[in-house]
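Please read through the following structure step by step. The sequence and the coordinates come first, and the explanation follows.

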Amino acid sequence: MNPEAPQFDWPKVPVARVYGRLTRVNGLLLEAVGCQLGMGDRCQIEGRNGRLIEAEVVGFHKDVLCLMPIEPTQGLMPGARVLPILEQQTLTLGDGLLGRVLDGLGQPLDNLGELTRVSSVPQADTSYNPLLRQPIKQALDVGIRAINGLLPIGRGQRLGLFAGSGVGKSVLLGMMTRFTEADVVVVGLIGERGREVREFIEETLGEEGRRRAVVIAAPADTTPLMRLRAMRLCHAIACGFRDQGKQVLLLVDSLTRFAQAQREIALSLGEPPATKGYPPSAFAQLPRLVEMAGNGRHPLGTLTAFYTVLTEGDDQQDPVADSARAILDGHIVLSRSLAERGHFPAIDVNASVSRLATQIADAGQLEQSQILRHLLSRYNEVRELLPLGGYQAGQDPEMDLAVQAYPEMAKFLRQGTQDKITREQSLQQLQQLMEVMGYAPTAV
């Protein structure tokens, strides 16, 4: 070889492309052989007319890979080619996402054209050393009087919104989206009815709330893997904005649908059901997901998360609700009895708790909150007796006060869907309520 001859950088052309074959379709599960893929790797299955269906490795047995598709499997045939996807997964991030509606793969659903002013970055590792997380020191104004006054929330806190069907979860989420002080709002509509997606965007979220919001939608008719992808995408986008130093609010409806999607996949793999049909892996995924939220390393960025938890039959001991209650930083319970009486938002103050209240609120607010909670509890003891004449005034002064003050307390806890009550206004009105009930003013 002549050393003086010019050298060329020839492109590297692969000698061959290795692919596998589809051998079995078993319900939601696909089985393939011949591919060198690991857990979580992606591939494409060649269907009829060259249609490619993306799938993910969710398990294996000996040399047989267990795949879960992200879209319907119509057109798949025995022996279909399984092509590994070698490209690294990236995350689309940027201000061009604001105001857009995406699916679980990050593709637009709103017919507003391609995404602009965005960039693709590698998927960051969202697991943190807990000692590197920024502490929660600043209160978050959600614009809702009952929460600002009685359940103070900090920037970076993770809370659950526990309720049955039809008691106002979506409406409360929409109010938080419009009223909360945040640079970016990420909304995940996971596993809910497809009809509700457009209604939430156009009516509940509104034009004002949509300007700074990113909506990721994976309705109930999508595959379980698509619902899991959409949930993880919500958290990845929220974490990306947080790591840029922005104040981020993450609203997810619902955490229960995520657990149900994981249950479908686990049962398809043959994992034995445990508590009420949920396999152990469904509960193992919940803390991994929730720990992605919260504050990170950036000293200015925060990520506050609200997860709705569907309590079937208003059962607060539902296994998903019980597991979520243990790993979240607090929970807000919506009461069906309050909703049936026209009390909105139907927040059951006595059943709700913010675990960071003592770090966010001062002594005056905590004292007033405890007084109001106590009087509400005393009123509920005799509420059913009042229409029957079973309660006689004059025997218990504290009970008499609770009964007399209940209309004012209920007025404080009610709020219109278009009425924004700031944190300062909430504390002032709480102070005024205390004075009306005859308690000495306390500096707030």
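At what angle do helix 4 and helix 5 pack, and how far apart are their axes? The model in which this is asked is a predicted one. Helix 4 and helix 5, the latter made of residues 255-268, pack at an angle of about 135 degrees, and their axes are 9 Å apart. The two helices are therefore oblique to each other. Helix 4 passes helix 5 in a left-handed crossing. On the side of helix 4, the residues that meet helix 5 are Pro-224, Leu-225, Arg-227, Leu-228 and Met-231, and on the side of helix 5 they meet Leu-255, Phe-258, Ala-261, Gln-262, Glu-264 and Ile-265. By type, the residues of this contact divide into eight nonpolar, one polar and two charged.

Two further residues of helix 4 can be looked at one by one. Met-226 has its place in helix 4. Its relative accessibility is 11%, so Met-226 counts as buried, the cut-off being under 20%. Leaving aside residues up to four places away in sequence, Met-226 touches Ile-70, Gly-104, Leu-105 and Ala-218. Ser-337 is 111 residues from Met-226 in sequence, and the C-alpha atoms of these two residues are 35 Å apart in space. Gly-240 is also found in helix 4, which runs over residues 224-242. With a relative accessible area of 13%, Gly-240 is buried. From the C-alpha atom of Gly-240 to that of Gly-34 the separation is 36 Å, and the two residues are 206 residues apart along the chain.

The next step is the protein as a whole. It has 444 residues, of which 53% count as buried. Its secondary structure comes to twelve helices and 18 strands. The C-alpha trace spans about 105 × 50 × 40 Å along its principal axes. Among contacts with a separation of 6 or more, 70% are between residues 24 or more positions apart.

Another helix pair involves helix 10. Helix 10 covers residues 363-382, which makes 20 residues, and from its first C-alpha to its last it reaches 30 Å, close to the 28 Å expected at 1.5 Å a residue. Its buried residues include Gly-364, Gln-365, Gln-368, Ser-369, Ile-371 and Leu-372. Further along, Arg-373, Leu-375, Leu-376, Arg-378, Tyr-379 and Val-382 are buried as well. The elements that cover the buried residues of helix 10 include helix 1 (145-150), strand 18 (353-354), helix 11 (397-413) and helix 12 (423-436).

How do helix 10 and helix 11 cross? Their axes come within 8 Å and cross at roughly 110 degrees. That makes helix 10 roughly perpendicular to helix 11. The crossing of these two helices is left-handed. In helix 10, the residues in this contact are Leu-372, His-374, Leu-375, Leu-376, Arg-378, Tyr-379, Glu-381 and Val-382, and they meet Glu-398, Met-399, Leu-401, Ala-402, Val-403, Tyr-406, Met-409, Phe-412 and Leu-413 in helix 11. The contact residues divide into 13 nonpolar, one polar and three charged.

Helix 1, one of the elements covering helix 10, contains Asn-148. Asn-148 counts as buried, at 1% relative accessibility. Not counting residues up to four places away in sequence, the residues that Asn-148 touches include Leu-140, Asp-141, Val-142 and Gly-143. Gln-365, Ile-421, Thr-422, Arg-423, Ser-426 and Leu-427 are also touched by Asn-148.

The backbone of some loops remains. A cis peptide bond, with omega about 15 degrees, joins Asp-253 and Ser-254. Ser-254 is placed in the loop between strand 15 (247-253) and helix 5. The peptide bond from Phe-344 to Pro-345 is cis too, with omega near -10 degrees, and Pro-345 lies in the loop between helix 8 (336-340) and strand 18.

Which value does phi take in Lys-62? It is near 55 degrees, a positive value in a residue other than glycine. Lys-62 is found in the loop between strand 4 (52-61) and strand 5 (64-69), and is exposed, with a relative accessible area of 75%. Lys-276 likewise has a positive phi, near 50 degrees. Lys-276 lies in the loop between helix 5 and helix 6 (280-290), and its relative accessible area of 56% makes it exposed.

Conventions:
Residues numbered from 1 in each chain as written. Predicted model: local features only at pLDDT ≥ 70, side-chain atom pairs only at ≥ 80, totals over all residues. Heavy atoms only, no water. Helix = DSSP H or I, 4+ residues; strand = E, 2+ residues; numbered from the N terminus. Expected span 1.5 Å × (residues − 1). Buried < 20%, exposed > 50% of the residue type's maximum accessible area, 1.4 Å probe, protein only. Contact = heavy atoms within 4.5 Å. Axes fitted to C-alpha atoms, helices over the stretch in contact; angles between N-to-C directions. Parallel < 35°, antiparallel > 145°, perpendicular 65-115°, else oblique. Left-handed = near helix turned anticlockwise from the far one by under 90°. Nonpolar A, V, L, I, M, F, W, Y, C, P; charged D, E, K, R; others polar.
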